[in-house]
Amino acid sequence: YFGACMIKVLILTMILVSSGYLGLAISNVYKSKLNFFKELSNFTKNIKNEISFIKTDTLTMIQKYQSNTAFGKFLKSYGDALSQKKQLTIDDIKALIDAQIYIEDAPKDAIANMFSELGNVGYIEQLERLSYLINYFEGIERSGEDKAKKMMPFCKKMGFLMGLLVCIILI
């Protein structure tokens, strides 16, 4: 009897820990999206400054960026495709984004358009477009911070509570 109770306690503990971990993993989705847009916003500001003052070419700016985050991985794959002299379509750029992180269609379209236009439109138009996108991405970042503040603790708590509910049902 004692052995059966210990196995049941062990299984219930594993369920509780697993569901808590699942809640933590779901909350990390919000964190990674927030970090993606923070990096994107900073990169856009940096690229605007580079274009405005130093006039560095696009590929050099992209290759100079080093990060092991979802945005850094996207930028690396985009830079690799550019260095192979591939002409990327907007759908190709969206696929590169999707390979790293899930984001909604409207921001994804804006990102894909930005990267497809880099170096392919006039100087003044590019600076104006980048200024607009900086404001757009900062708005997404602010709303993402608000959403993350609400949803991250909620996901963690719900993961734990769902595991607790399953444990209570199994008892």
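Guide: Before we start, one term: a residue counts as buried when its relative accessible area is under 20%, as exposed when it is over 50%, and as partly exposed in between, using a 1.4 Å probe and protein chains only.

Visitor: Okay, and what sort of model is this?

Guide: This is a predicted model, where local features need pLDDT of at least 70, side-chain atom pairs count only at pLDDT 80 or more, and totals for chains, interfaces and linings use all residues. Residues are numbered from 1 along each chain as its sequence is written, and side-chain values use heavy atoms, with hydrogens and water left out.

Visitor: How many helices and strands are there in the protein?

Guide: The protein has six helices and zero strands. Going along the sequence, you read α-α-α-α-α-α.

Visitor: Is the protein a compact globule, or more spread out?

Guide: The protein is more spread out than a compact globule, because its radius of gyration is 22 Å, well over the 16 Å that the globule rule gives for 171 residues. That radius is taken over C-alpha atoms, and the rule is 2.2 Å times the number of residues to the power 0.38. Along its principal axes, the C-alpha trace spans about 80 × 35 × 25 Å.

Visitor: And what percentage of the residues count as buried?

Guide: Of the 171 residues, 35% do. The protein exposes about 10400 Å², with carbon and sulfur atoms supplying 62% of it. Those areas come from the Shrake-Rupley method with a 1.4 Å probe, and for residues only the protein chains shown count as cover.

Visitor: Let's zoom in. Where does Ile-51 lie?

Guide: Ile-51 lies in helix α1, which runs over residues 2-54. With a relative accessible area of 8%, Ile-51 is buried.

Visitor: Which residues does Ile-51 touch?

Guide: Leaving out residues up to four places away in sequence, Ile-51 touches Met-61, Leu-118, Tyr-123, Gln-126, Leu-127 and Leu-130. Touching, or contact, means heavy atoms within 4.5 Å.

Visitor: Tell me about Met-61, then. Which helix is Met-61 found in?

Guide: Met-61 is in helix α2, residues 58-64, and is buried at 6% relative accessibility. From C-alpha to C-alpha, Met-61 and Ile-51 are 9.4 Å apart in space and 10 residues apart in sequence. Met-61 and Ala-25 are 36 residues apart in sequence and 33 Å apart in space, again C-alpha to C-alpha.

Visitor: On to α3. How many residues does α3 have?

Guide: Helix α3 has 14 residues, 70-83, and reaches 20 Å from its first C-alpha to its last, close to the 20 Å expected at 1.5 Å a residue. The expected span is 1.5 Å times one less than the number of residues. Just after α3, Lys-85 takes a positive phi of about 60°.

Visitor: Which residues are buried in α3?

Guide: Among them are Phe-71, Gly-72, Phe-74 and Tyr-78. Gly-72 has 6% relative accessibility. Apart from neighbours within four places in sequence, Gly-72 is in contact with Glu-39, Tyr-65 and Ser-67.

Visitor: And in α5, which residues are buried?

Guide: Pro-107, Lys-108, Ala-110, Ile-111, Ala-112, Met-114, Phe-115 and Ser-116. The 13 residues of α5, 105-117, should span 18 Å at 1.5 Å a residue, and the end C-alpha atoms are 18 Å apart, which agrees. Gly-119 follows α5 and has a positive phi, near 80°.

Visitor: What about Ala-95 in α4?

Guide: Ala-95 lies in helix α4, residues 90-98, and is partly exposed, with a relative accessible area of 44%. Ala-95 and Leu-34 are 61 residues apart in sequence and 20 Å apart in space, C-alpha to C-alpha.

Visitor: Last one: how far apart are the mean positions of the positive and negative charges?

Guide: The mean positions of the 21 positive and 17 negative charges are 9 Å apart. Lys and Arg count as positive and Asp and Glu as negative, while His and the chain ends are not counted. Each charge is placed at NZ of Lys, CZ of Arg, CG of Asp or CD of Glu.

Technical notes
Helix = DSSP H or I, 4+ residues; strand = E, 2+ residues; numbered from the N terminus.
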